[in-house]
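Hello,

Here is the structure I promised to pass on to you. Have a look at it first, and then read my notes below.

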Amino acid sequence: MFGKKMFPGGVHPREGVNGKAVNSGNPIRELPAPKRVIIPLSQHIGAPAAALVKKGDTVLMGQKIGEPCGFVSAAVHASVSGKVVSIENVLVASGASVPAVVIENDFQDSWCALSPSDHPETLTAAELQEIIREAGIVGLGGATFPTSVKLTAPEGKSFEMLIINGAECEPYLTADHRLMLEKAADIVDGIHLIMLALDIPKAIIGVENNKKDAIAVLKAAAESVEGVTVCALPVMYPQGGEKQLIYATTRRKVPTGGLPVDVGCVVCNVGTIYAVQQAIREGKPLIQRVVTMGGLVNNPGNFMFRIGTTVESLIEACGGLSPDVVKLISGGPMMGAALPDAAVPMTKGTSGILALGKEAAEMPESPCINCGRCVKACPMRLVPTKLDLLVRGGNYEDAEKCGVLNCMECGACTFACPAKRLLTQSCRTGKRIINANKKAAAQKAAAEATKE
Amino acid sequence: MSNFAVTSSPHLRKNATTQRIMMEVCLALAPAGIAGIILFGFNAALLIAICVASCVLCEFVWQKANKQQVTVSDWSAVVTGLLLAYNLPSNAPWWIAVVGSVIAIILVKQMFGGIGSNFMNPALTARAFLFISWSTIMASYPASIVPDAVTGATPLNALKNVLAGTAAMDGLKFDYVDLLIGSHGGVLGETCAIAIILGGLYLIIRGIVDWRIPLSFMATVFVCFLFKGGAEMALYQLLSGGLLLGAFFMATDYATSPITGIGRVIFGIGCGFFLFLIRVFTDSAEGCSFAILFMNVMTPMIDRFTMPRPFGEVKKHG
């Protein structure tokens, strides 16, 4: 019955003893707001926001402290009320050092004036985009692309279908699962409001079939709204990949180098939809989200946290780590970033914090045996072992010809490789270098053009 | 809280390792080896032991001498040793096994870069070399020692006479039970069809070999002989000689077969077709080794023409 709802390739990552099952029954709890929050001004793809506050300023909860710079950018808000103690560069999960506003919490939680929309059902596209932009909403699945940009159809193109990503295909993570269970009505309401504003006739909520309870709750909530369907998807990583999800739910293939809108689709994560609904109905900006704390931690759980809370505070609230922890990961185990220490702040894109043991330790590589498991696993239908050899050999031109730029770095190939080769890492390196070379070539061409 | 390991994602890996895969291949090869020892006696066991030991030793010595990392613990040399032994007649002298091992491991495998880098199957290349150099020894095919064993010509040689027109199909009646349990002449690991099929199915079920290669290989042989000599001829051809061992264990060698599904089907069909041509149109009764070696050499080309199109890539027009 699922035959049609699949994409090519994919793997079944095992979840260990402490995977989804441990957390899927844990309701979302409020993580106490910390003494101070560290709010990076760049928590999204695109230009960092410009600080609107300075040291010594008093801020209210929900107050805008960072103004989006340029089209592809997002606003940043204070997640607590209190005093700005500094604006300094901090290390974030990606390993980058970015400017951040540090706020001392006064524990009053005094909200700034909120302005919910007075006509939620009759918003125009421009009004919706403005609300989302002002609320600082980005893709909460982890990609953190500004949602207002995503929901703006390019000239001459239109959205025929809104696809909501509730696949949550990464092992361990249960944040979206819990959100769907607990906020199904709000999520469906958010979908409905977006459909009305953007004039999208159809919406499909894609949920992996290991979350039957969430599917049932969403189905019940969606009954009253015309055009919204819930689609149970087979459990297969990376079912939540944008192109994979579109193919699984609609049989449409996003062309190479293209965007979902090229096949009339736009994909939003369930968390993003919830944030949009809160922004429209309550006027609340994005200052909190749900994170799963999983792995080798004493009391795992799902938490609603204030943006800017450190990983350390979350671990403390969970009763500390087991001494066997080898790696601390922000995000899922397949695509998340390994954290050097727990002092980093959690941001809009933090869907999970995982403490993994020796199963996540580095393994020695051995030569490729040409078994083809990576080829079978690749959801983009590439030949990872070939790309790996080309990139390692410095042959970027051929790597590009063989499609390395299509790689979405899902990690399925490295996961499947019996020789433990770092195939995903090679593809990532290759992409970076090819894109950098292209940029340099374009800049050079532009410079020469201006000279003439 | 600090000092956690920082590496690139993904952070989870599947349990499968090269070593585990090779160990499972050895396990799958065990029934055929045990059958060979029962069918052909102590010398079969001795040859298996010599082949495995000398293959592992060759790899160890070569890597030590070249100051490379010693990788004998990946068990791939054991697989080569077993396959080489299974391709020897049970009465072959010990030095044949040693010479074969040196060729397989040093000349074919290590000189081309070790595991995964050789372009021809090591055991098969060694067998081909031995076959040409010591054809009397390599083509002696002693009869099985079990009671009521079929004596005289091997089934393939008998079939060859039919194909060559010097004998009639009617005069030829094999007992299918003999063919399945292997109580007839042949090299020591190829005669017991049941044992080989058992091991082959194990590898397919465990996902270690792709079913496409053995299936397309055997189906091609069957269909070709069906047209050439009828159903009985096709079935006899399928169950005799080295076809089963070759289709399940040799043609499926990762390094020397294509990496994509469609490539593997083309590879299997090619193996079957060449085997048919050799068994019918050459002086040789058997053609499995050379058919697979031909296709080994063609593998890079097949891989190039069967590169999958990236997901979402539109066919280029014009």
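Of the 452 residues in chain A, 56% are buried (a residue is buried if 20 or more other C-beta atoms, placed from the backbone, lie within 10 Å of its own). This is a predicted model, in which local features need pLDDT of at least 70, side-chain atom pairs count only at pLDDT 80 or more, and totals for chains, interfaces and linings use all residues. Residues are numbered from 1 along each chain as its sequence is written, while chains are lettered from A and ligands numbered from 1 in the order in which they are written.

Chain A contains 14 helices and 17 strands (DSSP runs of H or I with at least four residues, and of E with at least two, numbered from the N terminus). Strands E3 (residues 50-51) and E5 (residues 64-67) of chain A pair in the antiparallel sense over two bridges; strands pair if DSSP finds at least two bridges between them. Here A:Ala50 stands opposite A:Glu67. E5(A) is also joined by two bridges to E6 (residues 76-77) of chain A, again antiparallel, with A:Lys64 and A:His77 as bridge partners.

Now for the two chains together. In all, 57 residues of chain A are in contact with 33 residues of chain B, where contact means that C-beta atoms, placed from the backbone, lie within 7 Å.

Finally, look at helix H11 (residues 243-250) of chain B: eight of its eight residues are buried, so the helix is largely enclosed by the rest of the structure. Among them are B:Leu243, B:Phe248 and B:Met250.

Enjoy exploring!

Notes: Two residues are in contact if their C-beta atoms, placed from the backbone, lie within 7 Å. A residue is buried if 20 or more other C-beta atoms lie within 10 Å of its own, exposed if 12 or fewer, and partly exposed in between; C-beta atoms are placed from the backbone.
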